[in-house]
Amino acid sequence: MKKLNAILRLSAAAVMMASTLASFADEQKAPLTAEGDGLTTHFRRFKTTPEALVISGPGIYTRNLNTLRSLSGRELRQYGKQLIDADANPFCNMFFLISSDGKKNEGAIVANVNEADILYKVNRKKLGTPYAAAYTADALRILLATDSGLVVLNAPDRAVVDRMPLPYREVEILEPSSNGYYLAVAQGSELSVFNLEEKTLRKEWDFEVKINDIAFNDNCTELAVVTDDGVLSIYDTRNFLIKKTIDDLEQALSCSYNFDGKYIAVAESPERIVVINLLNTSDREVIEVPDGSLSTLRFVPDSQDKTLLVYNSLNAVNVRPMGHLTPYFARLVNDEANEKLNEWLKMMPGETMEEYRARVNDETRERQKRLFEEEISTRLAPDMLSMSSVSLGKYDRANGVLEVDFSNMPSIFLPVPETDLASFKGNEGLEFRNPKYGVLADDNFELIYAEVYNNTNGKTYIYNNIERTPLNFMADEDNVVSLELILQQQMEEQKLEEMRVKVVEEAKSRNVISDHTNITVDSRIEPDFDANGKKILNYHVNFSYQVDPGFTATEDFAPGKYHAEQSGAAGAMLALVKEALEGDFAQYVKEGKKLAVTLSGTADATPIVSRIPYDGAYGDIVEVPVYQNGKIRPMTIHPKELVTENEQLAFLRAFSVQDYLNKNIDTLDKMNSSYRYDINVAEGKGAEFRRITIEFNFIDAF
């Protein structure tokens, strides 16, 4: 088997857990620093150069020859054989290790403790000889590449749940996408990408030179490949056609996207890193590595989600803050504008369908989107004018416009009568009032509106380019939902509102809730693409409730309670869910169709001082993946044990909803359903912070 180049084994999920890097400096008794480009790089010295890095537990772990060590140098695990691959599970509390004695490979899972027992060992007779392993981002599966193909293991109990043939016996790079759609595998110069859901081949390449690294961007819309001839190739994952090629990167040893996909870092050589703005590839930052021996790098977030760049060098691991990288403004503007547009597209209280049709059409929708983009761009833009050098250019007599040039933005053409030109003396006496900005394709800002006051003659001249095409470089008709479907959604939301009123009144008649409980239903249609690149439309339906302060203790969860039926408000909401899914929304409950359910549970900040036993109603809960503040963590609660954390209460409240759905809505059983648990512990104390919400996402619903 060809040895893996020093590969930084960070699955997308392990990257999410890299917040432990915030304690990087704290772990070192005498941290060393190196100044460069005005930034400080923290690094940890070792006796040997780390071959690879794994993010786990309290910090960064290094893989070198036959030893796995913590950043502080503590030996975690040592083998008599060489470690050729390692991956941390998304919880960062255990490792999948693959070792070799040169004749045969072995695979094992060990816990993240000093004297780690082997928790699992690959049976080569049954599974084949292991070469690479990776955990999926949701922590539910382990992907194991062997000489007999891909073996999919259930992460909690390591049972084999699936198999798939692979084109290579000795896989060197194994990279699943974080959305679970794709699996990329490489050996030598060859690369194949599979639809992991259907176990079908999407694309294969032979680059004719060695593949050094591959990476999916954060939203899995791009795949980057770096090869030994110094070429970076970026592919669109919808069709796996080439989007961009950069071919001046020397050896191109390793690559990593930053978290919004605007930048990519490439290890050009053992002595140099280049960070490239993918929207303007001439915008590059070079990071020198004086000690050399650089082979691997990755972007990771700290505990405040600030961007760090981690890379190895001679006898060291380096962590470099990269907070100076500018955000992907166009994406921020587009995402927020779409959120605002979704709200604008909803029927207003009391609005009739006829009034709605008159207000909402293709023309008004486009105009409103433009207004939102203008508002958001102007808010996000720095004070471009105060940072700019302004000068006057040529005058176009045919059109009556004067060119105004800026040092940090494109020029504008200001309408000025020729008779007024004499009052314009360079940039002296010009004041730009009420400026508005837009975002260009290269993610820089442009001035789209300004009132230019000339102190010399006391006149104001208006520059107005607001009617420009809004973010046309991001526009894609495949991402537009037709008005017909939006009208259908609004009519169904009206039906949901009628159901809501009926269910609420019935609950009030039984004194389960009062007028102080407000149940809400919200829906939206979102365009998406499946793992084959086909456009689909997903239907999101969200159920939530709010109880007025002062009434939560009687109408919602009492302290320490977590069963949904122990909350009048939650029970009424679930009754509405049942009626909706068995009524008008039954049309979306189709056999074999995908349904993603997000269950959110919230607890307040009141410390748990009394005994709250878990009654075991939901079985033995062992390392169930939950998300808190967007980061994955394991949840374990054994029957008859005491609940000691508010996070556990929040989870039990969320899980009680799944228990209700399983017991009361039989039709969901025929769908391909997945559940995600979001938990939150509020900063405030009181019953108003104890609640649950449900979101159903019907995938490819229309």
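Reader: Is Tyr614 buried or exposed?
Author: In this predicted model, Tyr614 has a relative accessible area of 1%. Buried means under 20%. Therefore Tyr614 counts as buried.

Reader: Why is the ring pair of Tyr562 and Tyr614 called tilted?
Author: The ring centres lie 6.5 Å apart, and pairing requires centres within 6.5 Å. Planes under 30 degrees apart count as stacked, and over 60 as edge-to-face. Here the planes stand at 50°, so the pair is tilted.

Reader: How many residues apart are Tyr562 and Tyr614?
Author: Tyr562 sits in the loop between helix H8 (552-555) and helix H9 (568-582). Tyr614 sits in the loop between strand S38 (594-603) and strand S39 (621-628). The pair links distant parts of the chain, 52 residues apart.

Reader: Is Tyr562 buried or exposed?
Author: The relative accessible area of Tyr562 is 4%. The cut-off for buried is under 20%. So Tyr562 is buried.

Reader: What kind of aromatic pair do Trp205 and Phe207 form?
Author: Their rings are 6.2 Å apart, centre to centre.

Reader: Which residue in S34 is the bridge partner of Leu430?
Author: Strand S33 (residues 430-439) pairs with strand S34 (residues 445-454) in the antiparallel sense, over eight bridges. Across from Leu430, the partner in S34 is Asn454.

Reader: Which residue takes a positive phi in the hairpin of S33 and S34?
Author: Five residues lie between the two strands. One of the residues in this hairpin has a positive phi near 75°: Asp443.

Technical notes. Residues are numbered from 1 along each chain as its sequence is written. This is a predicted model: local features need pLDDT of at least 70, side-chain atom pairs count only at pLDDT 80 or more; totals for chains, interfaces and linings use all residues. Side-chain values use heavy atoms; hydrogens and water are left out. Two strands pair if DSSP finds at least two bridges between them. Helices (H or I, at least four residues) and strands (E, at least two) are DSSP runs, numbered from the N terminus. Rings of Phe, Tyr and Trp (its six-membered ring) pair if their centres lie within 6.5 Å; planes under 30 degrees apart count as stacked, over 60 as edge-to-face and the rest as tilted. Buried means under 20% relative accessible area, exposed over 50%, partly exposed in between (1.4 Å probe, protein chains only).
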